[in-house]
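Colleague: Could you take me through the packing here, slowly and in plain words? I'd like a close look at which pieces touch and how they are angled.

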Amino acid sequence: MAFLSLFVPFLLASLVCAVASPATRPRPGMHKINVDSVEVSHRTSGAKLPPLNTTYYFDQLIDHNNPSLGTFKQRYYFGHHYYEPGGPILLMNVGEQNADGFWTYLTNETITGKLAEKYNGAVAVLEHRFFGESNPYPDLSVKSFSVHTIQQAIDDHEYFVKNVHLPMQGGDQVSGPDKAPWVLFGGSYPGALTSYTMQNKPGLFYAGYASSAVVQAIADYWRYYEPIRQNMASNCSADVQAVVSYMDQVLTSGDTSKIQAFKETFGLEGLTHNDDVASAVSQILGSWQELTLTAGAGSTWFEFCDALEVKDGKAAGPNGWGLEHALTAWGSYYKNTYISPTCGGATDSEDIAACFNTHDTSYPWWTNTTVNNAVRSWEWLLCTQFGFWQGGAPENHPTIVSRLVDTAYFQRQCMNYFPEAFSSPPVVLLDALDVNKLYGGWNTTTERLFFLNGIRDPWREATVAADGATTPGSDLQPHLLGDGYHCSDMLISEGISSPAVLKVQNTVVDYLGKWLAEWKPSSA
């Protein structure tokens with residue numbers, strides 16, 4: 001993403017080409033933006049305030065079911081340059097990534113800052129437990145992860161709201177939902193967490209904003225690729241489907257010479273297992289999630305499709321160039337442009353194979369429990385509660401991803417990451433159903449809760465905007481759909497680029513103003 005690199009490699013001491021996981025797949029997440037200055041003064045008094053990137057820490061309970069275990073330091077950013085007494089307190093959880101840089105959501109370049117500016121509010125940006133610097137325990141072991149659950153994160157919100165003394169004059173007078181109108185924000189998983197919190201803790205937050213909120217836990221999440229297939233250029237879609245169909249035929253043929261030739265086309269001749277080959281080739285499709293409405297032609301996705309569809313300076317028609325050209329072009333782009341940066345600069349076949357090998361459990365990334373490893377922390381939630389495994393479509397449905405990449409492929413990796421927890425593939429489908437039952441999924445009836453989505457968002461099918469979603473929304477639970485990508489509505493720049501996104505943003509401004517006018521402190 002412009003806001004999160006999907007396949008960001010990092011070096012481990014023992015392996016030059018190591019990535020976070022050989023099967024790293026797109027994680028949900030909010031955009032990270034650049035803001036020129038951290039200096040700020042109060043809008044009305046003119047008083048100089050601490051820089052926006054000032055880090056604060058809150059003493060959060062390690063285990064809300066056992067407060068005697070003590071507390072840990074939960075990091076947050078805070079801005080009150082627009083705040084006036086009586087204004088709302090806007091809380092945003094960063095979710096499944098390190099909170100570094102997310103102080104930018106204190107500014108009016110984002111929807112949180114814009115609403116604070118409009119309604120004299122203050123903004124707090126909270127780091128999720130077990131991400132970045134906010135760790136209840138000093139490692140990411142299975143034992144530590146006993147308190148890494150959706151419910152513990154929900155309880156973090158409650159404890160923060162009721163106990164924090166915000167670093168501003170009168171900051172100790174707004175703790176609790178009876179003292180100020182608290183509004184919870186989030187995009188992607190934190191968007192779902194917004195819905196879950198309001199469902200689980202009615203009355204804690206006066207209102208909520210859930211952007212691209214993946215509220216419906218789905219184990220077999222092949223529909224991740226549906227918005228991509230539906231919205232990508234038709235010629236690129238046709239050629240991708242042709243190559244994927246051919247790949248699956250070859251890799252399941254048993255013809256060793258054809259299989260080897262195919263692997264060599266993509267520079268994957270060192271890989272032993274065909275499901276790893278299929279996954280490696282398909283990974284490039286996750287670059288769609290990097291797109292924003294302001295993304296230029298230099299993005300990986302457009303480079304990839306141009307490589308397939310522009311030949312001798314001429315673009316293909318709507319049906320593409322066909323298998324022969326697409327296979328060669330995809331392989332060439334993959335080998336010469338994509339594979340090395342994806343695998344930390346690897347160039348030889350052995351290191352490239354290690355980069356995508358999910359069958360060798362000796363690699364250190366599987367059981368590295370060092371803190372600030374967002375992939376491991378997110379995988380725990382996938383393996384224990386969500387699923388969200390992004391594989392190929394069913395046989396009777398068009399697919400742009402290999403069908404060799406299926407739920408079993410990802411379940412096996414749960415065993416690789418967390419062997420102490422799983423002696424056999426976890427039945428996450430059942431846990432996913434529990435999540436939906438506990439927190440409402442598509443069916444939440446929470447009021448004063450915005451759901452905002454983009455038609456091009458690959459996570460759309462886990463949101464209330466999914467084709468199979470069951471509730472249409474209401475005046476007290478607006479479901480707003482723009483033409484953006486993942487969490488587009490959270491960035492003011494996306495509204496400048498799209499009248500549809502701007503309309504969504506303006507609708508939120510209007511609705512929230514009406515709701516805030518109705519709020520009264522409980523002592524009144």
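Modeller: Helix α5 (residues 234-251) packs against helix α6 (residues 256-265) at about 140 degrees, their axes 9 Å apart. Helices here are DSSP runs of H or I, at least four residues, strands are runs of E, at least two, and both are numbered from the N terminus; axes are lines fitted to C-alpha atoms, for helices over the stretch in contact, with angles from 0 to 180 degrees between N-to-C directions. That makes α5 and α6 oblique to each other (under 35 degrees is roughly parallel, over 145 roughly antiparallel, 65 to 115 roughly perpendicular, the rest oblique).

Bear in mind that this is a predicted model, where local features need pLDDT of at least 70 and side-chain atom pairs 80 or more, while totals for chains, interfaces and linings use all residues. Numbering runs from 1 along each chain as its sequence is written, and side-chain values use heavy atoms, leaving out hydrogens and water.

Back to that helix pair: on the α5 side you'll find Y246, M247, V250 and L251, meeting K258, I259 and F262 of α6 (contact means heavy atoms within 4.5 Å). Sorted by class, this contact of α5 with α6 has six nonpolar residues, one charged and no polar. Ala, Val, Leu, Ile, Met, Phe, Trp, Tyr, Cys and Pro count as nonpolar, Asp, Glu, Lys and Arg as charged, and the others, Gly among them, as polar.

Now hop over to α3 and helix α13 (residues 428-439), which pack at about 55 degrees with axes 9 Å apart, so α3 and α13 are oblique to each other too. Here Y196, Q199 and N200 of α3 touch V435, L438 and Y439 of α13. That contact comes out as four nonpolar, two polar and no charged residues.

Helix α3 (residues 189-200) also packs against α2, at about 75 degrees with their axes 10 Å apart; α2 and α3 are therefore roughly perpendicular to each other. I150, Q151, A153, I154 and H157 from α2 meet Y189, L193, Y196, T197 and N200 from α3. The tally for α2 with α3 is six nonpolar, four polar and no charged residues.
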